[in-house]
Structure formats: C-alpha cells, structure tokens
Amino acid sequence: MGELLSRRDEKSRVVLMVVSLIFVLSLLLPLSCDASRMGISRQKLEVQKHLKRLNKPAVKTIQSPDGDTIDCVHSSHQPAFDHPFLKNHTIQLRPSYHPEGLFDENKVSSNNKEKSKSITQLWHLNGRCPEGTIPIRRTKKDDVLRASSVKRFGKKKHRSIPKPRSADPDLVNESGHQHAIAYVEGGKYYGAKAIINVWEPEIQQSNEFSLSQLWILGGSFGEDLNSIEAGWQVSPDLYGDNNTRLFTYWTSDAYQATGCYNLLCSGFIQINNEIAMGASIFPVSGYYGSQYDISILVWKDPKEGHWWMQFGNDYVLGYWPSFLFSYLADSASMVEWGGEVVNSQPDGEHTSTQMGSGRFPEEGFGKASYFRNIQIVDGSNNLKAPKGVGSFTEQSNCYDVQSGNNGDWGSYFYYGGPGKNPNCP
C-alpha cells in the first residue's frame, strides 16, 4: 500500500514538473519573440540612421538606365563634412600643382592623345548635375543589408592587400584574396598613373568581387598600413549587380576602423559635378571587339599636401585631405597596379570568378586585359616611368601577369585569368 502511494507521489511530482515547465516556457516564449522583434527593429533603425547619414538632400535627382539613382548634392553638404576635423574646412576648388608643373585646366583637357574610345558613365544618358553640386550614387536599404553589419558596410576586409613575395598557399586560402600585379618599392613616391583596360568579368558568387586598380601604399603591411586606391570593380555585394563601376578606397589602419569605398564615409572631398564614384562605366571592352580604357592619376599636391585624383584627361575629381593619413602624410613607399579577386570557395577549391577579361595574359590585345603607360610621380612632382618594376601573383595557373615595355605603351602589362580551370582546380 505504501509502495503504491509513493509511486502516485512520484507521478504527481513529474506531472507538476511538466506543468511548471510548460508554464515557464509559455512566459519565456513571448519574451524571446519580443527580443527577436526588438533585434530586428533595432537593426531597421540602425539601417535607417545610416541611410540618412549617407543620402544627403538632393538639389536634383537623375535615374540611371541601370537602376541607380544619382543625387546632385550641394558640394558643401557631401559626406566628407560629417568628419569632425572637416567642420570648418574650406573646399580647395583646384590643386595648387599638377604633375609636371603648375596645374592648367586647358593643358589637361587638350591633351587627348591617350584617348582610345570615349568612355562615360551610364547615368549621363539621362541628365547631368548642375554646377556647385556633386553626383552621389544613392545608397539603398538592400545595399546596407547585404553587408555583414551596418558598421562594415562599404569597407574592404582586413588583409586584402597584395603583399609581394608572400605567396604562402595557407595565407591565400585564409585571406581569400588573390592578385596579379606589377609593383615598385624602395623609393619615395608622390603619386601614380595608369591607363586601365575596362572589362566586365563574371563573378561566381555574390560575395566575391573582381577589380582592377592602383594602390598607393605607406607604412608596413601590419596594422598601420595607409592605402589610397582607385580603379574599376564588379562587386554584387556592394552594388547589387554585376556592372563595372568606377571606385576609390582609402584606409589609414589596414582596413580596420578607418576608410571606405567611394563616398560611403567621411574622407574624400569631391569637387567635380560630372563623375559619380561607384557609378557604372560605359561602354566596356569586348572579346575580339572594341577596346575601352580609363586613365587614373593620383598625386600629392606639394603645396597643400592633399592627395588628388584625376579621371581621364578632363576630370579632376577631388582629394583626400592629408590629415587622414600617417605615413602618406609624407609619401608612399610602394605603388602597385593590377587585379584582385575574392575566392570564397572552401577546402582549397577555386572560384571561377574572372580577373580582368577572364583570359590569361599571353592571349594579348583584344582578349587579355592590360594596364599601359604606368607611371609614378617623383619628389620633383614629375611623372616618370617606374624603375625596377616587379610582378607578383599567388597562383599563376589561376591568374597571371606578364609585363613589357615599348614606345607607345611605355611600361605596361597584361594580367588576369579565368580562375578555376583544369590547372587551377
């Protein structure tokens, strides 16, 4: 009889425990749902605040055929002036000096020898921004949501810089970035120039990108690296499509807390009302077809110390104020030109994301992508052919580089490749 009672007591205890557990869960479940709802609404609020910071009030708005919205924003309202050090900054409307001597607008626009085929931006088909404004590609909610976090939106990943002579396969797989570049080091450099063939490489996965650019570098490859970068890129993650776009980048701490693409943070001060950072370049080169290239020049103004950028022969775009940098406040110690892709494939597999035209250098003009007339700016503010140019690629059977020299093209190289292929599994 006693045994029967103790069994009943045990059953009652179990039933009581189950009922209590259900009761506790019924209380916690709404809380966890509320917490998750709060998390979502907090993120929504964070995204909205960020969009408000980036998208300044527009004087005029232009819809581009590729789906972009270009806002013509008064130049004094651009994102650069959110920086505390730029609150009372007077915009410098022109550089004091241009490489090879005093800056002369007529000299820049009349020197058209380098034009292969005329390149413009797609949004120009539907309008232009008035004087006194700058064109800014509007950031959409989806652009920010594609980033790993609001904080990381518009930023490159740490360790994405090509470091010649460090082709350790473990490092390649760990960083996921691969390069095919030409470079100079060991001197003091005050700028760089290149004419870059423009293509639309295919990207295998949306979290990968392919770009062709120049890098102006100061400091070590540690945590203190300074970098100014400009070129063209295809980045579905950043822009939401596979268009080839003009871009710039800067960092003063090896891509950690400082810097960003284009005008996606305070830094670069734009003065030009015709070219939009991050907007599509049009047209692009075709295999065996017409070849298009862009000219990019970045140099340090010897008087003010700011780093200026010129696109083509006609467009001085603006400048990075010298206070943004530590090493580059003086000069660069290395210049690189070339291509970079992200390989996100696991277990040593290789992506089929293309670099350049997606063809190897040996295929030559009309098939492989090129950089031509690469130059550096020396201490006397003169454009010079670089001496002792080295080349570097982590895996030449995936992406390669071949350099040369001749009268018309000066110092040049072909670069790129298809990524995954029978010799690059």
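Biologist: Why is the disulfide of C72 and C129 called left-handed?

Modeller: The model is a predicted one. In it, the torsion about the S-S bond of C72 and C129 is about -80°, so this disulfide is left-handed.

Biologist: What makes C72 and C129 a disulfide?

Modeller: The S to S distance of C72 and C129 is 2.1 Å. The cut-off is within 2.5 Å, so the pair counts as a disulfide.

Biologist: Which parts does the pair of C72 and C129 tie together?

Modeller: C72 belongs to strand β2 (residues 69-74), while C129 sits in the loop between β5 (120-121) and β6 (133-137), so the link ties together parts 57 residues apart in sequence. Both C72 and C129 are buried.

Biologist: What is the handedness of the disulfide of C260 and C265?

Modeller: About its S-S bond the torsion is about -80°, so the disulfide of C260 and C265 is left-handed. The sulfur atoms of C260 and C265 are 2.1 Å apart.

Biologist: How do you know whether C398 is buried or exposed?

Modeller: The relative accessible area of C398 is 1%. Buried means under 20%, so C398 is buried.

Biologist: Where do C398 and C424 lie in the chain?

Modeller: C398 is in the loop between β21 (390-393) and β22 (400-406), and C424 is in the segment after β23 (410-416), 26 residues apart. With 95° about the S-S bond, the link of C398 and C424 is right-handed.

How values were computed:
Residues numbered from 1 in each chain as written. Predicted model: local features only at pLDDT ≥ 70, side-chain atom pairs only at ≥ 80, totals over all residues. Heavy atoms only, no water. Helix = DSSP H or I, 4+ residues; strand = E, 2+ residues; numbered from the N terminus. Buried < 20%, exposed > 50% of the residue type's maximum accessible area, 1.4 Å probe, protein only.
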